[in-house]
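Subject: Structure handover and notes

Hello,

Here is the structure for you to look through. My notes on what was found in it follow below.

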Amino acid sequence: MDVVVIGGAGHVGLPLGLVLADHGHRVVAYDTDAGAVERVLGGSMPFLEDGAPDLLAEVLLSGAFSASSDPAVVSDAEVVVVVIGTPVDEHLNPDPSAVLVALAEISDRFRAGQLVILRSTVFPGVTRRVEAWFADNHPGVDVAFCPERIAEGFALTEIVSLPQLVGARTAEVSDRVVAFFDTFGVESIRVLPEEAELAKLFTNTWRYVKFAAANQFWMMANEFGVDFERVRSAITTDYPRAADMPGAGFAAGPCLFKDTMQLAAFSDNSFALGHAAMMVNEGLPLYLIKRIEASHDLSGMTVGILGMAFKGDIDDSRSSLSYKLRKLLLFRAREVLCTDPHVVDERLVPLEKVLDESDLVVIATPHTAYRGLEFRQPVVDLWNLTGGGVLI
Ligand SMILES: NC(=O)c1ccc[n+]([C@@H]2O[C@H](COP(=O)([O-])OP(=O)(O)OC[C@H]3O[C@@H](n4cnc5c(N)ncnc54)[C@H](O)[C@@H]3O)[C@@H](O)[C@H]2O)c1
């Protein structure tokens, strides 16, 4: 099929476009970011994604994949997938109109017979609004909501292995969407659009709340002088009911926090558990500093931060708590040196400089590159990468 991915140069849109192109579709990634489109057309990935550089080269060469910032490409598509970003604003409010506005901007490009698959994580009720908008403006366009559930860095394998939630209003639309996803052999789970919208928000919030519980447990144990990692290991060893208890760590990034806040806004800010999780997770850098200050005078120290990405082995620093930690330390310490093997940021310095010049080091992101490092200075290792426990 001819497929256009709107937001096709982004973290979700680009891997999806590549996989579709690899499975027999003719794909154009449409994106308003002309710079990203140019990079992609030049064969270069705008971000790290395992296996993507080779696949990009392959599908560009075969002609199955292309990219453009001209909305005219949308008219040629039989299937249009929409994966633009849906961030919350500075008041932590989602913008329920973001997807609708993006579609309305290119309204004259749609035509009857097309299938529009919304894939951004949306505020509940958005799909119904989009359906109504198409019914008014372009009757004959089918609409479905099929959330993306991949984890960044693992997109290429997860797109073709995770079951696909297919949120459609009618059996006809549902059949059409299932046939589309069948082309890369994933199981489809048929639900209503509203069920799929909540499923995606519940999934991310569930993960965020679990991380918050682990982080709260870690702080409790720590206050008691106990190493949470030893407790967690005792709990989870050969005990399936608690096997999924996460370790402590910065829980951040562009999705979990944002989607928990979308759900809070959806429930008229009465989602106490979600807000509590946000306070625990976002408060972790402050707690770390409080603990460090209990035994060190930061004002005379150089502190090193290892890892600025929001999670290990990727280059995405969106909403990373490493930057929050940096900001807090800049106010308290003599100097703060930050490094990351993947993130591109002119404020960062090489790892060797951080290790040479810091009086204390915080491992903020669990990059594989930091495993097995030896430190001459005290190290705060929330992730237990050094194997020395997480008590601080
Ligand atoms: N990043 C993830 O791991 C992940 C996983 C699952 C779901 N999601 C959801 O997927 C959506 C996209 O997230 P992302 O991380 O890919 O964001 P992103 O910012 O990396 O990508 C979005 C892309 O859309 C483009 N864009 C914005 N407005 C546009 C418009 N009007 N027309 C065409 N292109 C436009 C941007 O230039 C950008 O390249 C969000 O709703 C997010 O919550 C993300």
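Asn269 is found in the loop between α10 and α11 (272-295); helices here (H or I, at least four residues) and strands (E, at least two) are DSSP runs, numbered from the N terminus. Asn269 has a positive phi of about 55° although it is not a glycine. With a relative accessible area of 53%, Asn269 is exposed. In these notes, buried means under 20% relative accessible area, exposed means over 50%, and partly exposed lies in between (1.4 Å probe, protein chains only).

Before going further, please note that this is a predicted model, in which local features need pLDDT of at least 70 and side-chain atom pairs count only at pLDDT 80 or more, while totals for chains, interfaces and linings use all residues. Residues are numbered from 1 along each chain as its sequence is written, and side-chain values use heavy atoms, with hydrogens and water left out.

Other backbone points

Leu92 also has a positive phi, of about 65°, and is not a glycine. Leu92 sits in the loop between β4 (79-82) and α4, and its relative accessibility of 29% makes it partly exposed.

Helix α1 itself (residues 13-22) has nine of its 10 residues buried, so it is largely enclosed by the rest of the structure. The buried residues in α1 are Gly13, Leu14, Pro15, Leu16, Gly17, Leu18, Val19, Leu20 and Ala21.

The ligand

There are 25 residues around the ligand, and those that come nearest are His11, Val12, Asp31, Thr86 and Lys258. A residue is counted as near if one of its heavy atoms lies within 4 Å of the molecule. The shell around the ligand is made up of nine nonpolar, eight polar and eight charged residues. For that division, Ala, Val, Leu, Ile, Met, Phe, Trp, Tyr, Cys and Pro count as nonpolar, Asp, Glu, Lys and Arg as charged, and the others, Gly among them, as polar. Domain 1 (2-191) and domain 2 (200-381) each contribute at least three residues to the shell; the domain bounds come from an automatic or database domain assignment.

- Thr86: a polar side-chain atom lies 2.6 Å from an oxygen atom of the ligand.
- Glu152: a polar side-chain atom lies 3.0 Å from a nitrogen atom of the ligand.
- Lys258: an N or O atom of the side chain is 2.5 Å from an oxygen atom of the ligand.

On its own the ligand has 830 Å² of accessible area, and the protein covers 84% of that. Accessible areas come from the Shrake-Rupley method with a 1.4 Å probe; for residues, only the protein chains shown count as cover.

Aromatic pairs

How many aromatic pairs does a search of the whole structure find? The search finds eight. Rings of Phe, Tyr and Trp (its six-membered ring) pair if their centres lie within 6.5 Å; planes under 30 degrees apart count as stacked, over 60 as edge-to-face and the rest as tilted.

Phe110 and Trp133 are an edge-to-face pair, at 6.5 Å centre to centre and 85° between the planes. The pair links distant parts of the chain, 23 residues apart: Phe110 is in the loop between α4 (98-105) and β5 (115-118), and Trp133 is in helix α5 (residues 126-137). Both Phe110 and Trp133 are buried.

Phe123 and Phe266 are likewise edge-to-face, with 5.8 Å between centres and 85° between the planes. Phe123 lies in the loop between β5 and α5 and Phe266 in helix α10 (residues 256-266), 143 residues apart. Phe123 is buried at a relative accessible area of 18%, whereas Phe266 is partly exposed at 38%.

Phe110, Trp133 and Phe134 form one aromatic cluster.

Asp345

Asp345 lies in the loop between β10 (335-339) and α13 (351-357) and, at 17% relative accessibility, counts as buried. Its side chain makes a polar contact with the side chain of Tyr323 (2.6 Å). A polar contact is a pair of N or O atoms within 3.5 Å; within protein, one must be able to donate a hydrogen and the other to accept it, and residues adjacent in sequence count only if both atoms are side-chain atoms. A polar atom of the Asp345 side chain also lies 2.9 Å from the backbone nitrogen of Arg347.

Regards
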